[in-house]
Each structure stands twice: as C-alpha cells, then as structure tokens.
Amino acid sequence: MSSLFSPLTLRAVTLPNRIAMSPMCQYTAGPDGLPTDWHLVHLGARAVGGVGLVISEASAVLPEGRISPQDTGIWSGAHVDAWRPITAFLTARRAVPAMQLAHAGFKASTYRPWAPERGGVPDAEGGWTPVSPGTAPFAPNYRTPTELDTAGIAGVVEAFAAGATRAVDAGFAAVEIHAAHGYLLHEFLSPLTNRRTDEYGGDRAGRMRLTLEVARAVRAAVGADVPVLTRISSTDWVAGGWTVDDSVALAAELAAAGVDLIDTSSGGVSPAQQIPLGPGYQVPAAARIRREAGVPTGAVGLIVEPEHAEQIVADGEADLVLLGRELLREPYWPLRAAAKLGVTPTWPSQYLRAT
C-alpha cells in the first residue's frame with residue numbers, strides 16, 4: 001500500500017491522502033482583498049486533480065498585513081462571503097480546504113512580482129506603512145515599518161483569532177498560521193530582526209512569545225475539532241539567525257499550544273540568506289522536528305517526483321508532502337503519482353482521464 005495515498009487524520013478531519021498544495025500568493029485579489037474567480041479556478045483545479053489538502057494563499061488578518069495590495073484577506077464578513085463558494089467547490093471534490101492566516105510585517109505594502117517597480121508601494125499607489133518588531137526595513141527599497149507597541153501586538157493576536165473564526169465560518173476545515181518567510185511572526189522569532197528588550201524580545205522564550213500567543217488564541221477560536229497547522233522557517237540560513245535547534249524547541253511549544261502539524265519551510269527573513277537548493281533540501285529539518293519535538297510535520301521544497309514523495313512519508317521523515325510550483329506546472333500531479341506508484345485513484349471517475 002502506498003504511504004503517500006494513505007489517509008491522515010488530524011483531530012476531527014481526515015485527509016484522503018498525504019499530498020498538500022502549498023500556499024502560493026496569486027496577487028490577483030479584487031478590491032479590499034476579496035478572492036475572485038481566479039482563486040476558484042486556481043485552488044479548484046488542484047482539488048479536481050486529487051490533492052488531499054488544499055491550502056489557500058497567505059490571507060491577511062488585517063489590511064496592513066497584506067504583502068501587496070492585491071493579496072487576499074480574511075479581516076471582514078465580506079471575505080467570508082467571497083470565500084464560501086470556493087470552499088464549497090473544494091469540499092465537493094473531496095479535498096480538505098485550509099486557509100493560511102498571515103501578516104506580512106515589514107514585507108507588507110510591496111509591488112506584486114510582475115510589476116515594473118520593485119520594493120515598497122507608496123501611499124499614492126495604494127500602499128501603507130507596515131509594522132514590525134522594530135523600525136528597520138527588510139531591504140533599502142522596502143518601506144520603513146512602525147515598531148509595534150504592546151497594544152499593537154495584542155491587536156495582532158486578536159486579529160489572528162478573529163481571522164481563524166471567519167475562516168471556519170467561510171467553510172475552511174483547517175487553518176494554518178504563517179510564521180515563516182520573514183513575515184511578522186517570523187520577524188519576532190528571529191534574532192536578526194527582533195532586537196526588542198521587552199517581554200517580546202531578548203532570549204528565545206521572549207522572541208517566541210507572540211507566535212505562541214497567536215497559536216493559543218487561534219486554537220481557542222476554532223475549537224477542539226479543527227486542525228491548526230503552523231508554517232515555520234526552520235532556519236534563516238544566516239549566521240546568528242534562527243536555527244533548526246530553535247525550531248525543535250518552538251515546535252514542541254506549538255504542539256503544547258494546540259498546533260497539530262508543523263509545515264516546515266525555511267528562509268525569508270534576510271536578503272543575506274544562502275540557501276543550498278536541491279530536491280528535498282528542507283526534508284531533514286522536517287524529519288528532525290518530527291522526531292525530537294514529537295509533532296507531525298509537513299515537508300516542502302523541490303519535491304517533484306512521486307517516488308521521492310512516497311519515500312519521505314514511508315520513511316517517517318514527514319507526515320505530509322506539500323507541493324508548490326510543481327502543482328502550478330501540473331495540477332493533476334496526484335493522478336500521475338498514483339499511476340507511478342500503482343495506486344487506483346479513489347476520486348470520481350470523470351477526473352481519471354488524465355492518467
């Protein structure tokens with residue numbers, strides 16, 4: 001029996017297989033961060049293709065938490081209404097829909113990738129002043145952030161909890177907290193970007209405080225049955241930055257706070273990062289966190305071949321394999337994987353012609 005195509009139960013939700021769609025920003029939201037037909041087709045095509053867990057792009061819990069003015073959000077009832085047809089379609093295809101809850105921190109208010117400009121979007125073009133643990137920008141051409149005070153931090157925690165409640169109301173069966181890639185929670189975690197001396201800075205415990213407060217608030221908001229995932233950057237790939245040792249400690253604390261799976265990515269907080277790219281380059285971190293923190297993990301990063309994905313799950317290196325760009329290239333990847341692994345797909349027969 002294929003390990004990749006075995007079910008995975010997280011709380012009251014059972015994924016039909018161990019294949020997940022990694023969150024990928026589309027930069028195509030309508031006014032005020034509302035999803036559009038693009039998102040229905042983008043996410044829906046992967047559900048039709050057999051992906052077990054379909055995770056939305058980073059959806060901001062506050063307007064100023066968007067990466068770009070074209071990012072999706074979940075800060076109002078209008079977002080709930082706009083997401084509902086999308087989650088209904090995913091659920092009808094037997095995929096489990098999950099929302100990634102996000103706040104971009106000092107990487108907010110930036111141009112989308114294909115814009116001719118780079119860096120921070122000015123107010124005159126729909127931009128805003130981002131927030132961060134301090135006042136240093138991510139890069140010279142990014143906007144200078146405002147340092148969050150304790151009231152602002154409390155507001156972020158409340159916004160994540162409210163966003164989680166709205167996500168469930170919108171039909172998402174699971175939520176993921178985005179604490180990776182140099183966005184706000186990661187900025188608080190990393191010693192490269194958190195130079196605070198109050199209770200939200202200093203040693204590792206202080207730097208982890210905000211992420212753990214968010215995790216506890218989100219768990220309380222969604223109740224006992226809804227899975228909560230957290231995406232982390234397992235290492236900054238910069239000397240003196242966040243390390244895999246730190247991630248093991250964080251993962252154990254997140255599990256105690258009610259997080260069910262650690263989505264193990266890396267990097268993003270510093271332009272100085274040096275990443276040794278290669279197939280499965282982040283899998284060892286997922287395996288170590290799973291082994292030492294005793295929490296389920298997801299592996300992501302240049303995993304493209306079905307046999308590799310199968311081996312990762314079969315060898316116990318991770319409980320879930322997340323695919324990003326490979327699913328952009330090949331929405332029906334699970335069908336090819338099933339054929340190569342000798343598995344008979346269990347989703348409706350009208351979708352099997354791709355094999």
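Trainee: In which hand does α6 pass α7?

Mentor: First, the ground rules: this is a predicted model, where local features need pLDDT of at least 70, side-chain atom pairs count only at pLDDT 80 or more, and totals for chains, interfaces and linings use all residues. Residues are numbered from 1 along each chain as its sequence is written, and side-chain values use heavy atoms, leaving out hydrogens and water. A crossing is left-handed if the near helix is turned anticlockwise from the far one by less than a right angle, and right-handed if clockwise. The crossing of α6 with α7 is right-handed.

Trainee: At what angle do α6 and α7 pack, and what is that orientation called?

Mentor: Helices here are DSSP runs (H or I, at least four residues), strands are E runs of at least two, and both are numbered from the N terminus. Axes are lines fitted to C-alpha atoms, for helices over the stretch in contact, and angles run from 0 to 180 degrees between N-to-C directions. Helix α6 (residues 244-256) and helix α7 (residues 283-293) have axes 9 Å apart and an angle of about 45°. Under 35 degrees is roughly parallel, over 145 roughly antiparallel, 65 to 115 roughly perpendicular and the rest oblique, so α6 and α7 are oblique.

Trainee: Is Arg291 buried or exposed?

Mentor: Arg291 sits in helix α7. Buried means under 20% relative accessible area, exposed over 50%, partly exposed in between (1.4 Å probe, protein chains only). At 59%, Arg291 is exposed.

Trainee: Which elements do the buried residues of α7 pack against?

Mentor: The buried set in α7 is Val283, Ala285, Ala286, Ala287, Ile289 and Ala293. Their partners are β9 (228-233), α6, β10 (261-265), β11 (297-300) and α8 (306-314).

Trainee: By class, what does the contact of α5 with α6 have?

Mentor: Helix α5 (residues 204-222) packs on α6 at about 40°, with axes 10 Å apart. On the α5 side are Arg204, Met208, Thr211, Leu212 and Ala215; on the α6 side, Asp245, Asp246, Ala249, Leu250, Glu253 and Leu254. The count is six nonpolar, one polar and four charged.

Trainee: Which residues touch the most other members of the largest nonpolar core?

Mentor: A nonpolar core is a set of buried Ala, Val, Leu, Ile, Met, Phe, Trp, Tyr and Cys residues joined through side-chain atoms within 4.5 Å. The largest has 74 residues. Three touch the most other members: Leu101, Phe160 and Val218.

Trainee: What phi does Ser109 have, and is Ser109 buried or exposed?

Mentor: Most residues other than glycine have a negative phi. Ser109, in the loop between β5 (96-102) and β6 (131-132), has a positive phi of about 60°. At 0% relative accessibility, Ser109 is buried.

Key: Contact means heavy atoms within 4.5 Å. Ala, Val, Leu, Ile, Met, Phe, Trp, Tyr, Cys and Pro count as nonpolar, Asp, Glu, Lys and Arg as charged, and the others, Gly among them, as polar.
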